[in-house]
Amino acid sequence: MDVRKKLEILADAAKYDASCSSSGGKRKADKEGLGSVEGMGICHSYTPDGRCVSLLKILLTNFCIYDCQYCINRISSDTARARFTPAEVVRLTYGPGVPRSQAPEGDALEEMWGTYYASTFNPARLNVRAMRAEMPKKHWATLPETRLIPELVRQAPERTSRMVSPKLELSESSRFLPEHRDLASLAHAARGCRACPLHERATHMVFGEGPAGARLMLVGEQPGDMEDREGRPFIGPAGQLLDTVLASVGLERGQIYVTNAVKHFGWVEGEEKQRLHVKPGRGEVLACKGWLEAEVAQVKPRMILCLGATAAQVFLGPGFRINLSRGQIFETPWAKAWMATFHPSALLRMPDERARAQARIHFEEDLRKVADTLRALG
Ligand code: URA
């Protein structure tokens, strides 16, 4: 096969290479930045916005030994294959030099590069913090793609939600929504919700609480044991930690609308007959989503803060990772400002003392940022 044909095949294959390695590879301990994925698949490192580094180099081959479900280059795919020899790569990479007088003015490829950069940008993998670390501001003036980044970051949440929304069916709970959607009517109707089996073992349907015009909405995962007994969100140990940090950054709990992604407690019996929380599954989260959507539509918060991945993923899809994207503010269709941070229960449960202390610092920083953002939003 001639080099041109190989180039054609490999350039095409590289376009689909974004999920390679990051999908199945193990992360190094720091979990941040380039090269953080150990050797796996066609390449082993990816950019902070999720693109495989092979895209920025030459894809040497699209032969792969793995069978990753979403990858066009997976072993079971009948796509055309090619492999460059080292000699071919050298020939492709280094042509004969030309004198400066023959060098083109400006950079004729810049516009094309911008189009390419924007079209391969994966909004679902955006990690602004890692991006800034890998691409320090002092280099921005010489990188043509940096002028595109603010707009790409701004559009990321909406594009991500469009990417995932076709897969979301109508929430089961929509069948139980009342005609009048004020908070009191919603809370009343929600008591009769049978959209998923969790109601069978729960004591209360724990609906959100807080003022109808709250500027900030907090969304947790699911009520715990105490919340289930009392019928109110975030009143147990996680709620107490939350209240402490809210107060320390000047946010008043009474002014905030506090709710959960799933509104019934899910549990199994422990050895001492205690009720042990069971994380809700995607089915339960989706079944309950109708209530959360109705709450957001009614409260119209200026800002939403999701506590933990379960809540964040209701909005931005299953690809959202707290460790990668916590503390970043996004403009979204649901609120002018949207952020996710750790769940306070995670802070209470982390076994490693240093990791726990670090997470607590991040949690406080994030909540301070929420307070600042709300002030800035006016
Ligand atoms: N954890 C949550 O996510 N919500 C609560 O209401 C309590 C604990």
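1. Two strands are said to pair if DSSP finds at least two bridges between them. In this predicted model, strand E5 (residues 303–307) and strand E6 pair in the parallel sense, and five bridges join them. One of the positions to look at is Leu305, whose bridge partner in E6 is Met339.

2. Strand E6 itself, which covers residues 337–341, is mostly covered, since five of its five residues are buried. Ala337, Met339 and Thr341 point one way from the strand, while Trp338 and Ala340 point the other way, and the residues of both groups are all buried.

3. Two packed helices are described by the angle between their axes and the distance between the axes. For helix H6 (residues 183–190) and helix H9 (residues 282–299), the axes come within 10 Å and cross at roughly 170°. Angles over 145 degrees count as roughly antiparallel, and H6 and H9 are therefore roughly antiparallel to each other. On the H6 side the contact is made by Leu183, Leu186 and Ala190, and on the H9 side by Trp291, Ala294, Glu295 and Gln298. Sorted by class, this contact of H6 with H9 has five nonpolar residues, one polar residue and one charged residue.

4. The phi angle of Lys300 is near 50°, which is a positive value in a residue other than glycine. Lys300 counts as partly exposed because it has 13 C-beta neighbours inside 10 Å.

5. A positive phi is also found at Lys273, a residue other than glycine, where the value is near 70°. Lys273 is placed in the loop between strand E3 (267–269) and strand E4 (275–277). Is this residue buried or exposed? Lys273 counts as exposed, because it has 6 C-beta neighbours inside 10 Å.

6. Glu110 has its place in helix H3, which spans residues 110–120. With 11 other C-beta atoms within 10 Å, Glu110 is exposed. The C-alpha atoms of Glu110 and Glu145 are separated by 8.6 Å, although these residues are 35 residues apart along the chain.

7. Finally, the surroundings of the ligand deserve a look. Of the 13 residues around the ligand, those that come nearest are Gly220, Glu221, Gly224, Pro233 and Phe234. By class, the shell around the ligand is made up of four nonpolar, seven polar and two charged residues.

Notes:
Residues numbered from 1 in each chain as written. Predicted model: local features only at pLDDT ≥ 70, side-chain atom pairs only at ≥ 80, totals over all residues. Buried ≥ 20, exposed ≤ 12 C-beta atoms within 10 Å, placed from the backbone. Helix = DSSP H or I, 4+ residues; strand = E, 2+ residues; numbered from the N terminus. Near = placed C-beta within 6 Å. Nonpolar A, V, L, I, M, F, W, Y, C, P; charged D, E, K, R; others polar. Axes fitted to C-alpha atoms, helices over the stretch in contact; angles between N-to-C directions. Parallel < 35°, antiparallel > 145°, perpendicular 65-115°, else oblique. Contact = placed C-beta atoms within 7 Å.
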